[in-house]
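Please find below some notes for a colleague who is coming to this structure for the first time.

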Amino acid sequence: MKLDSKIPEGKLEDKWRNYQVKSQLINPANKKKLNVIVVGSGLSGAGAASTLAELGYDVQCFCYQDSARRAHSVAAQGGINAAKNYQHDGDSVWRMFYDTLKGGDFRSREANTYRLAELSAPLIDHYVQQGVPFAREYGGVLVNRSFGGVQVQRTFYARGQTGQQLLMAAYSQLYKMVRAKKVKMFPRSEMLDLVVIDGKAKGIIVRDLVTGELKRYAADAVVLATGGYSRVFRLSTLAIGCNGSALWKAHKKGALFAAPSFTQIHPTALPQSSEAQSKLTLMSESLRNDGRIWVPKQQQDARKANDIPEDERDYYLERRYPSFGNLAPRDIASRAAKERIDAGYGVGRLKNAVYLDFRHAIEKFGIQTIKDRYGNLFTMYKKITGIDAYKEPMQISPAAHFSMGGLWVDYELMTTIPGLYAIGECNFSDHGANRLGANSLLQASIDGYFVLPNTINNYLASALKEDHPTTNHPEFEKTEKEVEASIDRILNINGTKTVDHFHRELGKVMWQECAMSRNKKGLKNAIEQIKTIRDEFWKDVKVTGSSNELNTELEKALRLTDFIELGILMCTDALERDESCGAHFREEFQTEDGEAVRVDKDYSYVSAWEYDDGDFKLHKEELEFEFVKPSVRSYK
């Protein structure tokens, strides 16, 4: 299979303009004849659905939540990046492009990464026009702060609830189109399979989560905006309902899965407190602007944090990475925390955390300034832990967070299935092997509002000449029966163990062998362990209830079957890549002081995996760096 990334010709700064000049257009009268399905209603999904509807397309939007307002984009806290250079601190589109490319350890396409930076500035103007209440200086000018991996201030924010405010803006645009009858919204509906006719995506099979009824929906194109898959680790910062099932169903129908092992561990989450815990709570990376991270210099130190003198504290990020200090990139900060914890310097009841201390910032700026910047985060922390972080340090720990991997897409955001698009976190395109903080809301928004509406025309223009698909096509019947059979199979096992039991077992294996660090022996063992979990699941899982009712256990079971297969692919991908890059840290490839060793001559490519009847076949998209020469990624 030849992978055509469709990167336009010309200089880097001209590529997006050149693409738009040559792309096909569809007149407004013809747009009304075309139907687009959008699965997901977060920032990318709501942005795409509302913009496509505004352009004149007939749009159907699906989400498994009871409202688009509950999409997981709401959970993002710290901010959204843009190269506005309001601080006059040397920022530019080029610098943002380079920071993002370097932050991803040179494992992403130059053209896609540059487009992300190029469209960042107009996106902020777009959101301001929608009424997003970004933080401002006293005189009214938008204010910025820093995030990890950069030395400028380019992050726009709304206290610690930026995702919520952006989602409210996207939600308002989406429901304006719903009221105008240009978007039909289907909440509490979960996509269970993709319908492919003559090699093209033509619809989906959906389960009504309230009644259990299976339904068919046809369209001229399908857009997946379903987020990431880090719940494969079970304990993560993602909401419990987040899953990778839509991606996996598309993968099994022919969409290549790119860089699945590139998953990000966030350095500032609340530590796990018990085996029974079902998710972890994210604390925004923005806290690292003013908070200092440290551990005691004495192993197994039982003293309270405030009782440990300054000279007995190890500010290990400042010590190891003096140029970036506490704002080192996420993968580096997470591995550094794990190293200190594993070495016996961890703090907290389970000794699985490090301190994030605001004492010096409060002394310097005053408590009111810190409240203005992070007040809701401190309130949330106290509500969960009972600790007043204004008076004693927070306890934080690394946690599974973001998926850099996802469905392979070309420059147009189309997968290897014609007519199937993947936008936002469910594609792989912009971040490489590690995502810089505050680029997640950026990519989701840009893909939905700016990129997809300008690229989908090229495909839909040809769809005008074809017959509009209907749900009476035999392929819809076949796919629906396959879905029904898989549901019946799970319900008929009637074993002795819960779905959560198997998810917990999978999560332990994935966290131990395919999270912050990996090695050849561990990955091989992980694949065998996951296969054993898979076999036991299909023999001994017990799912109560029936298929024709609200059944959350059935929902979890269906998603877990996909997570199990995805876990095998993630370990296979990590095993195949004999190097360390970004969040993919192979223990066999590191320097004497524990830094990653990249092997550009052998692995400067995007791994794109084809599903092959339960096995996986590797395809490679070679990465060509025409404008930037990859260098050693150092933050020291």
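1. In this predicted model, helix α7 covers residues 162-179, and its 18 residues reach 26 Å from the first C-alpha to the last, which is close to the 26 Å expected at 1.5 Å a residue. After the helix comes lysine 181, whose phi is positive, near 65°.

2. Leucine 166, found in helix α7, deserves a separate look. Leucine 166 counts as buried because its relative accessibility is 0%, and the cut-off for buried is under 20%. Leaving aside neighbours within four places in sequence, leucine 166 is in contact with Leu43, Ile80, Tyr127, Val132, Phe134 and Leu441. Leucine 166 and alanine 76 are 90 residues apart in sequence, while their C-alpha atoms are 9.5 Å apart in space.

3. Strand β10 (residues 221-224) is covered on both faces, with Ala221 and Val223 buried on one side and Val222 and Leu224 buried on the other.

4. Which strands are joined to β10 by bridges? Strand β1 (residues 35-39) pairs with β10 in the parallel sense over four bridges, and valine 38 stands opposite valine 223 of β10. Strand β18 (residues 420-422) also runs parallel to β10, joined by three bridges, and in β18 alanine 422 is the bridge partner of leucine 224.

Terms used. Residues numbered from 1 in each chain as written. Predicted model: local features only at pLDDT ≥ 70, side-chain atom pairs only at ≥ 80, totals over all residues. Heavy atoms only, no water. Helix = DSSP H or I, 4+ residues; strand = E, 2+ residues; numbered from the N terminus. Expected span 1.5 Å × (residues − 1). Buried < 20%, exposed > 50% of the residue type's maximum accessible area, 1.4 Å probe, protein only. Contact = heavy atoms within 4.5 Å. Pairing = 2+ DSSP bridges.
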